[in-house]
Amino acid sequence: MANNLDIEHLPVEGVHILNDDNYRDYRHNAHVALQCENCGKKKGDDGVAELKRCAGCYKVAFCSRECQKTLWPTHKADCKTMQEGRFIAELVQNFYSNPLLLRMLRAAIVLRLGLQNSAAPVPQTSIPFIVVHLHIVPLSEADKEKLVHKQLDAAGKERIPGYLEVGINNETPDYIPIARTPAEERQLGLNYALYKQARRHADEHGREGNPIVFVAFGHGSSSMLSAIEITPDAFEIARGNYSSLSPLLQQLIPDVAGANPVGVRTLLAVANTFIQLDLNDELRLRRDMTQADKTFVRDTGRMVAFGEKPPAGRYSRSA
Ligand SMILES: [Zn+2]
Ligand SMILES: [Zn+2]
């Protein structure tokens with residue numbers, strides 16, 4: 001397989017990620033001020049000149065060293081989960097910054113939602129909610145073998161280099177209602193603020209017909225929410241017109257699809273193969289595997305190799 005990847009990193013139009021700005025805007029609009037996670041004091045309250053964010057997760061703030069120390073035994077677990085969230089956020093941003101990968105994901109979403117046969121854009125009456133599973137899988141076959149056939153290192157410390165793999169949840173997507181009143185809007189909370197931002201951006205740029213879809217990327221026990229516009233080229237790809245794709249992706253589709261019609265799994269397999277081919281990590285989608293990734297590879301590997309069932313309810317994943 002050719003190795004000359006067509007990699008561009010661009011700020012991609014129509015992608016909105018739930019980040020600190022959203023939290024700040026939401027807090028501002030909802031009149032909820034940042035406050036100490038332990039005692040609840042706000043900036044300007046007696047003796048509080050400034051609130052300092054936790055250096056581990058950046059998501060919570062404290063008024064003093066004392067409050068931080070007091071809450072640490074409770075905050076520790078949350079902090080770790082939120083740090084994992086930042087790890088994912090970085091991978092997702094790198095994934096989204098590549099227009100080719102984004103196009104494959106958008107096209108897979110069109111197929112997942114069954115929108116490929118829509119004749120004309122219709123006003124959205126609800127917001128589809130798609131769950132995308134992320135895993136770091138081993139780069140080498142030898143590491144994969146080792147994970148499936150041998151014991152995992154108990155402490156999870158052994159470094160196993162891997163690359164990102166994405167898959168869309170098999171279950172029927174959820175649909176979030178579009179708020180009609182400020183009260184309904186408040187009830188839907190920060191997620192809705194993200195939707196509004198995406199909708200406003202699309203409309204202001206003359207893309208009123210592009211549907212907005214929530215995409216939640218899940219890894220282990222963390223997840224990261226984004227709202228993306230589904231663009232006309234994604235509909236075209238979902239209908240089987242690949243002319244907007246790079247020659248490499250056009251070549252990968254028949255390679256991956258074989259004799260079968262192109263579906264969600266094929267499009268994601270093409271994206272995953274594209275990531276796998278990135279030997280110099282120009283996409284920045286390589287990492288050492290976490291314990292959660294190692295467990296996933298072992299469980300799914302054993303399921304395939306020995307017909308073992310994965311632990312109930314842990315994974316529901318299509319690709
Ligand atoms: Zn405090
Ligand atoms: Zn923290």
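**Exercise 1. The zinc site**

Task: Work out what geometry the site of the zinc ion (ligand 1) has, and which residues supply its donors.

Solution: 
- Begin with the angles. In this predicted model, the four donor atoms of the zinc ion (ligand 1) make angles of 106 to 116°.
- Apply the cut-off. Four donors count as tetrahedral if all angles lie between 85 and 135 degrees. The site is therefore tetrahedral.
- Name the donors. They are the SG atoms of Cys 36, Cys 39, Cys 63 and Cys 67, lying 2.3 Å from the zinc ion.
- Read the spacing along the chain. It is C-x2-C-x23-C-x3-C.
- Cys 36 sits in the loop between helix 1 (20-29) and strand 2 (52-53). Cys 63 sits in the loop between strand 3 (61-62) and helix 2 (65-96). The two are 27 residues apart, so the pair links distant parts of the chain.

**Exercise 2. Two cysteines compared**

Task: Decide how Cys 36 and Cys 63 are classed: buried, partly exposed or exposed.

Solution: 
- Take the cut-off. Buried means under 20% relative accessible area, and exposed means over 50%.
- Check Cys 36. Its relative accessibility is 2%, so Cys 36 counts as buried.
- Check Cys 63. Its relative accessible area is 21%, so Cys 63 is partly exposed.

**Exercise 3. Strand 7 and its neighbours**

Task: Find out why strand 7 (residues 212-219) counts as largely enclosed, and which strands pair with it.

Solution: 
- Count the buried residues. Eight of the eight are buried, so strand 7 is largely enclosed by the rest of the structure.
- Sort the side chains. In a regular strand they alternate between the two faces of the sheet. Here Ile 212, Phe 214, Ala 216 and Gly 218 point one way. Val 213, Val 215, Phe 217 and His 219 point the other way.
- Find the parallel partner. Strand 4 (residues 126-138) pairs with strand 7 over five bridges.
- Find the antiparallel partner. Strand 8 (residues 222-229) pairs with strand 7 over eight bridges.
- Follow Phe 217. It stands opposite Val 132 and also opposite Met 224 in strand 8.
- Look at the turn. The hairpin of strand 7 and strand 8 has two residues between the strands. Gly 220 takes a positive phi near 55° there.

**Exercise 4. A loop asparagine**

Task: Locate Asn 169, class it as buried or exposed, and find a contact of its side chain.

Solution: 
- Locate it. Asn 169 lies in the loop between strand 5 (161-168) and strand 6 (174-177).
- Class it. Its relative accessibility is 11%, so Asn 169 counts as buried.
- Find the contact. A polar atom of the Asn 169 side chain lies 2.9 Å from the backbone nitrogen of Glu 171.

Notes: Residues numbered from 1 in each chain as written. Chains lettered and ligands numbered in written order. Predicted model: local features only at pLDDT ≥ 70, side-chain atom pairs only at ≥ 80, totals over all residues. Heavy atoms only, no water. Helix = DSSP H or I, 4+ residues; strand = E, 2+ residues; numbered from the N terminus. Buried < 20%, exposed > 50% of the residue type's maximum accessible area, 1.4 Å probe, protein only. Polar contact = N/O pair within 3.5 Å; in protein donor to acceptor, adjacent residues only side chain to side chain. Donors = N, O, S within 2.8 Å, 3.2 Å for Na, K, Ca; no water. Tetrahedral: all angles 85-135°; square planar, octahedral: opposite > 155°, others 65-115°. Pairing = 2+ DSSP bridges.
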